[in-house]
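Work through the exercises below with the model open. Each task is followed by a stepwise solution.

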Amino acid sequence: MDLKTELTRRLDEALGKYLQAEGADRPEGLAAGIEVPRNREHGDYATNVAMQLARLVKRSPRQVAQEFLTHFDGAGLVGETSIDGPGFINFRLAADATAAVLRRIVSEGAEFGKSRRGAGTRVLVEFVSANPTGPLHIGHARNAVVGDTVARLYEAVGYDVSREYYYNNAGVQMRVLGTTLRLRVDELVGRPVEWPESYYRGSYMIDIARRLIDEVGADQAVDRDDDFYTKYAAGEIIKTIEADLEAMDIGFDNWFLESGIYERGEVERTLDEMRARGAIYEEDGAVWFRATQFGDTRDRVVVKGDGTYTYLTPDIAYNQDKYGRGYDEVVTVLGADHHGQVPSLLAAAEALGHPKETLHYVIYQMVTLLKDGVALKLSTRSGEFITFKEMIDELGAGVVRYFFSMRSPDAQMTFDWGLAKDTSMDNPVYYVQYAHARCCSLMKKAQEEGCPYGGIDAADGTSRADLALLALPAEQAILRALGRLPEAIDTAARELAPHQVCNYLQEVAQLFHNFFTQGNNDPSLRIIQTDKPALTQARLAMIDALRTVLANALAVLGIEAMDRM
RNA sequence: GCCCCCGUAGCUCAGUUGGAUAGAGCGCCGGAUUCCUAAUCCGUAGGUCGGCGGUUCAAAUCCGCCCGGGGGUACCA
């Protein structure tokens, strides 16, 4: 259990006792809120519970705080409490509690930061889902990164996660794709070709045509039916998409074909279910979903006058299919250019009896690419000029992942290509990764200097780390920050907000770089001091924990922590 | 018209769901480093949190209206 959770538990306990002593019932929504004060001088954690109680018991917040503390047990956890400001209760963690963090990090290793909160809950994360009309390009990148990172966050807090890619290999777009392949084949075998107005012009279609000819021979490659060309092209493109995503360590558990929904009659079944629940009516020759009853701004047509579906209908059925496969929570990652249908889909899920909290849409805002002094707006419909693969080849998967994770999905972001290419510490990725590499190099250096790190609980007395020696404010600040990894991950997972992990990493890296560099001015602050083995061991224990924490946080972002740079 | 996201330092953005003196990175200016990686660090300056009202002990945060940027919207895939 992490420190924050433990403190919350004890505060809640104290709150219960306090209310009992007052003979009062717990008011709705009252809880001992806990936060990390902005200002370090106010301690490690603070609660505003006294201010909330003040109104209830009609005494001043500071007085309430004093009474409250008589019910609070901070043994082994809190070193010091104080009542400050308008009535905050501030907690300073006990020194041995911060040192205990190191033991925990060392014993949990790669598991530190994770939790089992979501154990037993199945969640489906659907993302990318670009139709296979061409290779992925830079306009798909934010979706891919946000989706995979959200999935990793769920995994980190114990959920059973599946990643799904949803696509369509029928419809107008796909027919055009098939026609394009037919014509490219004809062209390659020397037939005269007349190009229509609308076809996919990318050279990848020539490659696919060539592959088809190589595979089945020129005779068998020509004069096939449209369906054949469409399926072949889509299949080939899906393969390259899969390979491109693999280059960024993104893999899907399931590739879901839209046509399957129709083949299995799921659209009709879903409509029947909605009808049975009274969510559907007929008017003007069309079938309508009573979406306004479930929070949408207007009712929606689900079957048009000509008997065909609107684009909304199969999407509702697809969500229903996900629930039908036993997922407890369903997450979809969409660009802001596709967010219009979200209220309708939420309404439909609710109409079908699925609690609103189980259906999440992560809507990320548009990206502006800043490259060579030119700003260009990216959407999934634009951006073909840089492919996904070129971007990874040129910048590296880690940089791409960090840059797209760094910003809140809610924020429109500028992707600064020049900064991404920069390999100095101005580039936030390198700043963080270098902190990890620096830890590794310190461990190696210690070895070379003849004072190798002996582990936190080494039996050999000379190399045992005496953690109480880590008493400087800068060291304590680092230890406290390390201890906050679990809550950083947990909050990021709850809020579907990968950028919070980046913020955390930035903070930890900064604390470390600062401390390290101070050793240049003041030799007593250096990590390795051969004449002070006990202190060196203690600091190396901290470095070791730092290394673990940085690596674990980077892992949640899908980024490799490098040992040297 | 209606709906969604955003508006915070010169720039790019945080702000832990209503807390204490609003922060970081970059940039600017000034400084440190016989060094465990100079791929570093420290310091200064820089703010009407888009605007006006409201809610309360407390508002960048919640509510209403307005301004600005982006996106989406009709039995169209």
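**Exercise 1: a helix across a sheet**

Task: State where helix α3 lies and how helix α3 runs relative to β3.

Solution. Helix α3 (residues 61-69) lies across β3 and β4 (88-93). Its direction is at about 160° to β3. Helices (H or I, at least four residues) and strands (E, at least two) are DSSP runs, numbered from the N terminus. Angles run from 0 to 180 degrees between N-to-C directions, and axes are lines fitted to C-alpha atoms, for helices over the stretch in contact.

The model is predicted: local features need pLDDT of at least 70, side-chain atom pairs count only at pLDDT 80 or more, and totals for chains, interfaces and linings use all residues. Residues are numbered from 1 along each chain as its sequence is written, chains are lettered from A and ligands numbered from 1 in the order in which they are written, and side-chain values use heavy atoms, with hydrogens and water left out.

**Exercise 2: the sheet of β3 and β4**

Task: Give the strand order of the open sheet of four strands, then find its edges.

Solution. Step one: the order is β1-β2-β4-β3, with antiparallel pairing. Two strands pair if DSSP finds at least two bridges between them. Step two: β1 (34-35) and β3 (78-84) each have a single partner strand, so one side of each has no neighbour in the sheet. Step three: check a pairing. Two bridges join β1 to strand β2 (residues 45-47). Ile34 stands opposite Thr47 in β2.

**Exercise 3: helix α17 and two partners**

Task: Classify the packing of α17 against α15 and against α20.

Solution, first partner. Helix α15 (residues 397-405) and helix α17 (residues 428-448) pack at about 115°, with axes 9 Å apart. That makes α15 roughly perpendicular to α17. The cut-offs: under 35 degrees is roughly parallel, over 145 roughly antiparallel, 65 to 115 roughly perpendicular and the rest oblique. The crossing is right-handed. A crossing is left-handed if the near helix is turned anticlockwise from the far one by less than a right angle, and right-handed if clockwise. Gly398, Val399, Tyr402 and Phe403 of α15 make the contact with Pro428, Val429, Tyr430 and Val432 of α17. Contact means heavy atoms within 4.5 Å. By class, the contact of α15 with α17 has seven nonpolar, one polar and no charged residues. Ala, Val, Leu, Ile, Met, Phe, Trp, Tyr, Cys and Pro count as nonpolar, Asp, Glu, Lys and Arg as charged, and the others, Gly among them, as polar.

Second partner. Helix α20 (residues 499-521) packs on α17 at about 45°, with axes 9 Å apart. The two are therefore oblique to each other. α17 passes α20 in a left-handed crossing. Among the residues that meet are Tyr431 and Leu442 in α17, and Leu505 and Phe516 in α20. The contact of α17 with α20 divides into ten nonpolar, three polar and one charged.
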